[in-house]
Each structure stands twice: as structure tokens, then as C-alpha cells.
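Let's take them one at a time.

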Amino acid sequence: MRKPAFILAIASLVALAVFGGAFYCAHYVCAQRGAKSTDDLDWLKMEFRLSDTELARIRELHDGYLPKCSDNCILIAAKKRELNQAIAASTNSPATLETLRGEVAALRKKCQSEMLAHFEDVSRAMPPEQGQRYLAEMKRITLGAHEQVEQSMSGTNHAAHDHH
Amino acid sequence: MNTDKSNPNDAALRKILREGRPTPGLPPRFQANVWQRIERGESGANASWIEALAALVLKPRFAFATASALVLIGALLGMWEGSAHARQTAQARYIESVAMSMSR
């Protein structure tokens, strides 16, 4: 290898190492700072630039909602276990299974309604513009995934369903 | 000058003069050097900018400025990426806390 080309190759490697090192260090420090926090509401504070008063009000709502959410989750999990056991036993009538499925769906509906009501309460505690953005984002995240599944089932996989 | 009027012995005289003039010998590795120059001439454009860049890279002021710029750009990009990552982690934590049933 000729000398100038060798110098340029070494210089490129050094430049890459310098850039990579700086990038990695800065990334690590910032990511660690975010990961160390244990406050559930950090994201709201960062994303929606809330004042301390707004955050205190939202924390109140959040703390009030969590036990309800947890209770709903426990009820849904218990009902799902019951349904799975009934399906596994295969001695239950279709009507019993249908009833249990209806109960699971009702619990999920109640949970979802309460969750959406909570999102609306939180959005009202924010400045109007940020509140709307929060509500849209939360609906997109929590309900969007389910809608995507529905769309995929009614779209491309429609033909496959017809054949079964 | 009219060559017809020149002395017929001129040719012989010129020969004697040429033989009398000392001619220097070829320098060592003359042929190899000629080939090197021909090759350099063929790849002249490439070699010139690579050499110029290599010379620039070796200048301490340029090297220091480049390294500083790379550290700055790398750190800024790293901070930006790290903040986005931290934001995603915080968002996931919030969603997990308020929509526990969605993840089950």
C-alpha cells in the first residue's frame, strides 16, 4: 500500500473511533438517565411539558385510577382462567362457554371504558392543545393495536377466513 | 548557408569533433526512474488529490479541528438518540401502568 493511502485509511479509522466513542458515551448517559427513573409520569412531564401544578393534579388522578385498573386486570385474568378451564374440560355446554366468553368481554369493555374515561380526565388536566394530543396518542397506542388486528383480519386474510 | 559549397572533408571533421566531445553516462536506475515517471503521469490526477489529502490530515490544526467536530457531532447525535430512547422507555412505563389489561 502506498503511504498516502495508508495515512488516509488510518485517519479514517481514528475518525470513526472518535465519532463512535462520542456517540456511544452520550447515548449511554442519556439512556441511563431515563432508565434510572421509576416515576410512571416522567413521560407525561417530558412529552407534554407540564407544570408542577398540572403534574400534581394528574398524579392525583393517576394514583386514584391505578387500584381500579389493577382490580379490573385481576377480574379479567380470573375470568379468563375460568374460561380456559371450561374449554379444557370439554364437558361444558356451548351455552356455558358462551356465557363465560360474554363475561370476559363485559369485563374487558368495563376496563376499557374506565381507561378511556381516565385518559379524558387526564387530558382535561392538561393545557387544551396538549390534552388533545395526549388523548389522540393514548387512543392510538391502546386502541390502535386492536384496530390493526381487526383491519388485517378483514382485509388480506378475509379470503382465508372464507375458506375455513 | 550553402551546403554545396562546403568542404567534402566536413563530414569527416564533424565525426572527429563528435567523438572528441565527452558525453555523460546515464545516471543509475535511469530506466526504472523513467518508467516510474511514466506510471506517475498516468495516475497523476488520483495520486495528487490523495497526497494532498494525506498531507492535510497530517497537519495538527486540521486533525484537531476534525476530531473536535466529530466529537461534537457524535455527542449531539448520541444525546438525541439517547433522549429518544429514554422517552420511549418512559412512554412504555406509563402505558404499562395505565393500560395493564392491554398487555395481557
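Helices (H or I, at least four residues) and strands (E, at least two) are DSSP runs, numbered from the N terminus. This is a predicted model, in which local features need pLDDT of at least 70 and side-chain atom pairs count only at pLDDT 80 or more, while totals for chains, interfaces and linings use all residues. Residues are numbered from 1 along each chain as its sequence is written, and chains are lettered from A and ligands numbered from 1 in the order in which they are written.

Q: In what order do the elements of chain A run from the N terminus on?
A: Chain A has six helices and zero strands. Read from the N terminus, its elements therefore run α-α-α-α-α-α.

Q: How far apart are the end C-alpha atoms of helix 4 of chain A?
A: The expected span is 1.5 Å times one less than the number of residues. For the 31 residues of helix 4 of chain A that should give 45 Å. The model agrees, as the end C-alpha atoms are apart by 45 Å.

Q: Is Cys30(A) buried or exposed?
A: Cys30(A) sits in helix 1 of chain A. A residue is buried if 20 or more other C-beta atoms lie within 10 Å of its own, exposed if 12 or fewer, and partly exposed in between, with C-beta atoms placed from the backbone. Because Cys30(A) has 20 C-beta neighbours inside 10 Å, it counts as buried.

Q: Which residues does Cys30(A) touch, not counting residues up to four places away in sequence?
A: Two residues are in contact if their C-beta atoms, placed from the backbone, lie within 7 Å. By that rule, Cys30(A) touches Met79(B), Gly82(B), Ser83(B) and Ala86(B).

Q: Which helix of chain A supplies the largest share of the side that touches chain B?
A: The contact takes 41 residues from chain A and 35 residues from chain B. On the chain A side, helices 1, 2, 3, 4 and 5 each supply at least two residues. The largest share, 20 residues, comes from helix 1.
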